[in-house]
Amino acid sequence: MSCILHIETSTNVCSVAVSEDGQCIFSKEDFNGPNHAVVLGSFVDEALSFADSHAIPVDAVAVSSGPGSYTGLRIGVSMAKGICYGHGIKLLSVPTLKLMCVPILLREMIEDAALLCPMLDARRMEVYAAIFDRSLREIRPTQADIVDENTYKVLLDRQPIYFFGNGAEKCKEVIRHPNARFLADIHPLAKWMMPFAEKKMMNGEYEDVAYFVPYYLKDFVAKMPKKLL
């Protein structure tokens, strides 16, 4: 038996979910943001109260680790760490771009050879993107892309690619390759974190609560002298 509280704050959407043995038993979402500082605390309180009222002990907190909004990720990670410290439970992290692929695989009819490219908006024509196959094997890791007509051409020449997320909309007029597919209204949500968080928990892949940082700080922390950590 395992129960995980999931927190997702990487975009303007704020969401919280609770899963028990891989099944979503509570979900709350706010699409009117960014309101993370206002609504996240109440969502978490509702989620923990729900678990408590059903006599389900929460074993871990999973947080979306980015990339995404600097402020949103900071709020989500801070909340997750606070719960872990306060309740004495473990911390899990889930890459934001990877969890965005879950609704595509569940709901969309896509070609067998197609690749998935979740995109999160940065500035101008820049996006954070990664590329996965249908088994969610990483074909190309997360990086910041400045998008033009040639950015993904090598892969597009070989097979279809589905682009989605809040960074994909601005790329429609630039990426006009016949193998480019665009899907609307795909958001990173807490309820999509479950399969990855459950797998990490089963494998004992927990984060160090004291030193865990979201995506935008990983390189900075990696370069710090060990004596300062």
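Helices (H or I, at least four residues) and strands (E, at least two) are DSSP runs, numbered from the N terminus. The model is predicted: local features need pLDDT of at least 70, side-chain atom pairs count only at pLDDT 80 or more, and totals for chains, interfaces and linings use all residues. Residues are numbered from 1 along each chain as its sequence is written, and side-chain values use heavy atoms, with hydrogens and water left out.

**View 1. The second largest pocket draws on helix H6 (residues 194–202).**
A pocket is an open set of points on a 1 Å grid over the protein atoms alone, where a 1.4 Å probe fits, with protein on both sides within 12 Å along at least five of seven lines. Lining residues have an atom within 4 Å of a point. A volume is the space filled by probe spheres set on the points, and grid points are joined across faces, edges and corners. For the second largest pocket that space is about 190 Å³. Its lining consists of Pro95, Lys98, Pro195, Phe196, Lys199, Lys200, Asn203 and Glu205. Helix H6 supplies the largest share, four residues. Three lining residues are nonpolar, one is polar and four are charged. Here Ala, Val, Leu, Ile, Met, Phe, Trp, Tyr, Cys and Pro count as nonpolar, Asp, Glu, Lys and Arg as charged, and the others, Gly among them, as polar.

Buried means under 20% relative accessible area, exposed over 50%, and partly exposed in between (1.4 Å probe, protein chains only).

**View 2. The largest pocket is lined by 22 residues.**
It holds about 350 Å³ of space. Closest to its centre are Ser10, Thr11, Ser69, Asp121 and Asn166. Helix H2 (70–87) and strand S6 (115–121) are the elements that give two or more residues to the lining. By class, the lining of the largest pocket has 12 nonpolar residues, nine polar and one charged.

**View 3. The largest nonpolar core has 31 residues.**
A nonpolar core is a set of buried Ala, Val, Leu, Ile, Met, Phe, Trp, Tyr and Cys residues joined through side-chain atoms within 4.5 Å. In soluble globular proteins, nonpolar side chains tend to be buried together. Within the largest core, Leu92, Ile104, Leu116, Tyr162 and Phe164 touch the most other members. Elements that give two or more residues to this core include strand S5 (90–94), helix H4 (102–107) and strand S7 (126–132). Helix H6 gives the most, three residues. Another core, of 25 residues, lies apart from this one; Leu40, Ala51, Ile56 and Phe212 are among its members.

**View 4. Phe164 and its contacts.**
Contact means heavy atoms within 4.5 Å. Not counting residues up to four places away in sequence, Phe164 touches Met100, Cys101, Ile104, Leu116, Cys117, Pro118, Met119, Leu183 and Ile186.

**View 5. Tyr152, Phe163 and Phe182 form one aromatic cluster.**
Rings of Phe, Tyr and Trp (its six-membered ring) pair if their centres lie within 6.5 Å; planes under 30 degrees apart count as stacked, over 60 as edge-to-face and the rest as tilted. The whole structure has four aromatic pairs. Tyr152 and Phe163 make a tilted pair, with ring centres 5.3 Å apart and planes at 55 degrees. Tyr152 lies in the loop between strand S8 (138–146) and helix H5 (153–156), and Phe163 in strand S9, so this pair ties together parts 11 residues apart in sequence. Both Tyr152 and Phe163 are buried. Phe163 and Phe182 are stacked, 5.3 Å centre to centre, with 25 degrees between the planes. Phe182 lies in strand S10 (residues 180–183) and Phe163 in strand S9, so this second pair ties together parts 19 residues apart in sequence. Phe163 has a relative accessible area of 0%. Phe182 is partly exposed, at 23%.

**View 6. Ile131 sits in strand S7.**
Ile131 is buried, with a relative accessible area of 0%. Leaving aside neighbours within four places in sequence, its contacts are Leu115, Leu116, Cys117, Arg137, Glu138, Ile139, Arg140, Tyr152 and Leu155.

**View 7. Phe26 sits in strand S3 (residues 23–30).**
Phe26 counts as buried, at 12% relative accessibility. Not counting residues up to four places away in sequence, Phe26 touches Val16, Ala17, Val18, Phe43, Glu46, Ala47 and Phe50. Phe26 and Lys191 are 165 residues apart in sequence and 8.6 Å apart in space, C-alpha to C-alpha.
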